Amino acid sequence: MSVMMYRDALRRALYEEMKADPRVFVLGEDVGAYGGAYAVTKGLAAEFGTERVRDTPMSEAMIVGAAVGAAMVGGRPVAEIMYVDFITLAMDQIVNQAAKIHYMFGGQIKVPCVIRTQQGTGRGAGAQHSQSLESWFIHTPGLKVVAPATPADAYGLLRASIQDDNPVIFLEHKGLYAVKDEVPDEPYVTPIGVADVKREGSDVTLITYSRMLHVALDAAKQLAEQNISVEVIDLRSLLPLDMDTVLRSVAKTRRAVVLHEAVLTGGLGGELSARINEALFSELLAPVQRVTAPDVPLPANVTLEKYLVPNAEQVKKAIEKTLESKQKVH
Amino acid sequence: MELDLTKSLYHSMLLIRRSEERILEEMMKGNLASTMCHVSIGQEAVAAGVCSAMQPQDYLTSTHRGHGHFIARGGGLSRMMAELFGKETGYCKGRGGSMHITDVSIGHLGANGIVGGHLGIATGAALWTSLNKSDAVTVCFFGEGAVNEGITHESINMAALWKLPVIFVVENNHYAMSLAWERSTPQLSFTERARAYGIPGVDVDGQDVLAVREVALEAIERARRGEGPTLIGAHTYRFLGHSRADPSKYRPAEEEERERARDPLTIMRAKVGAEMISDQDVEAYEQQVKEVLDAAVKFAEDSPLAQPSTLFEDIYA
């Protein structure tokens, strides 16, 4: 085991995949000598050259389009979109092209590409640089969507994503890049579509992903002091969703809270709540609770932003609410 | 049919023309599985001329009006017809239809339903062949309607910047659905437009298959030498409406009459002379094309329908 930062774990994955497979190449804005806006690709251009670690003009649609086209004829591109907010400029390439090509053309063509980007709050970056837009992608069959929360998962999931034969939207979090944790020294992949129980518990299941995992673990730790046992599930992959792990846990605890940084309406919390209800309605001791950002654009103001980001207090309250509920069970 | 180059160009255009007429006929009979179908009747010289200049290793991307590119590149008519009929033997297993007709085995990277959506793909394919030191060239067909999409600028800029082996072929049929070319942009010359990107631009009579072939050959050879993209504006005309639902009332009758008189098939025969393509030749091609199309329709009719059970296949590779 080595302790490394999330961004370094990502870089290690890119490095190892590029070493192992000459078809892998990186393109995006400022990914070359500059090393990426969040320093994930730092040093890669020096190692692999500026052809394979390629600075592009500011052309988000074309960056994704180039990745899709290259993937269709034998490349394995990893494109970086600096902020998920900018991906709006490339949505046709993701939604109508990358996601549809394999299916629409009857399975004739594969599109093995990774679109790396980062999202989320923490820097007071404002309405156009802080959003969490995962719901837009999970609404699109044909994509895979992952959102790692730890350095170990960032490494393993990026390797899996590059090796995957499908377009993968790889959602990093700007607030996680400097987070340090242990990463195994031996190479490995973390399979896409498999959630991880990050903390075992018996009273309530807390389902989350990306940076909110750390808020969840903090809340769970605090509640343990009150003898409330919280099971924390890190989804890691948002499409496909690992409902087996979620439902197994909720069947055990009979209570569930979903936590995410994205806004409430149309968020993954609604989808998870619906699926849990459909599968386990008669087993639940309380309605599924959601802790999310409210339906408000984010301000470019570090102080104000905090009011819109879910915190451990809100999570504890939601959990306590599920514990207070006196729903009768047949 | 083994034909020399000139004859094969004529044959290719005739095959496209008759195939699309047959497609419309089958559509009227209710045999097509989708309501989406756009024919390129009148525009055959662009597809035939450009594709004749391509090599087997080359790629192309196509549009919603893509039968011509597909046929000119050598796509099989039986499986194409089966695709349009919604049969499981179709190239896309009956899910793509006319608008997404594709045969990747001939380097066809797909007919795309999003205007401009495939320019990025073509440029990306050229990026990979360039990185991979392959000598393949990618030809990107698009209509003049796509010229004003943002990704068109992004693609041409990037391809020009990196000298990628991609040819941008604008099939300027003068109408983006109802909007006339002159009403969509003040810059009507592709030669001028290309200048802004520092690449060669050519305006060519898109009804003259030999002229189209010449400019395509030069552009493709240039790209293959590693000298980058060319923007070709092939000026043509859509003889029919945008789709079956469109009676094209927005076009002046005299304009339609004038343009329809510029039929690429007639123009070619006039240009090469009757000694090159005789009445007997034409008769023989007509007969052969009819037989091929009859066989294609029969194959489509006899093929099993795409089954609902296959709907859940191929979502992921």
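Domain bounds here come from an automatic or database domain assignment. On that basis, chain A splits into domain 1 (2–183) and domain 2 (196–324). This is a predicted model: local features need pLDDT of at least 70, side-chain atom pairs count only at pLDDT 80 or more, and totals for chains, interfaces and linings use all residues. Residues are numbered from 1 along each chain as its sequence is written, while chains are lettered from A and ligands numbered from 1 in the order in which they are written.

**Domains of chain A**
- The C-alpha centres of domain 1 and domain 2 of chain A lie 26 Å apart.
- Their contact (C-beta atoms, placed from the backbone, within 7 Å) takes 26 residues from domain 1 of chain A and 23 residues from domain 2 of chain A.

**Sheet in chain B**
- Pairing takes at least two DSSP bridges between two strands; E3 (138–143) and E4 (166–172) of chain B are joined by six.
- Across that pair, Val139(B) has Ile167(B) as its bridge partner.

**Around Ile232(B)**
- Skipping neighbours within four places in sequence, Ile232(B) is in contact with residues including Ile167(B), Val169(B), Phe190(B) and Val204(B).

Technical notes
Helices (H or I, at least four residues) and strands (E, at least two) are DSSP runs, numbered from the N terminus. Two residues are in contact if their C-beta atoms, placed from the backbone, lie within 7 Å.
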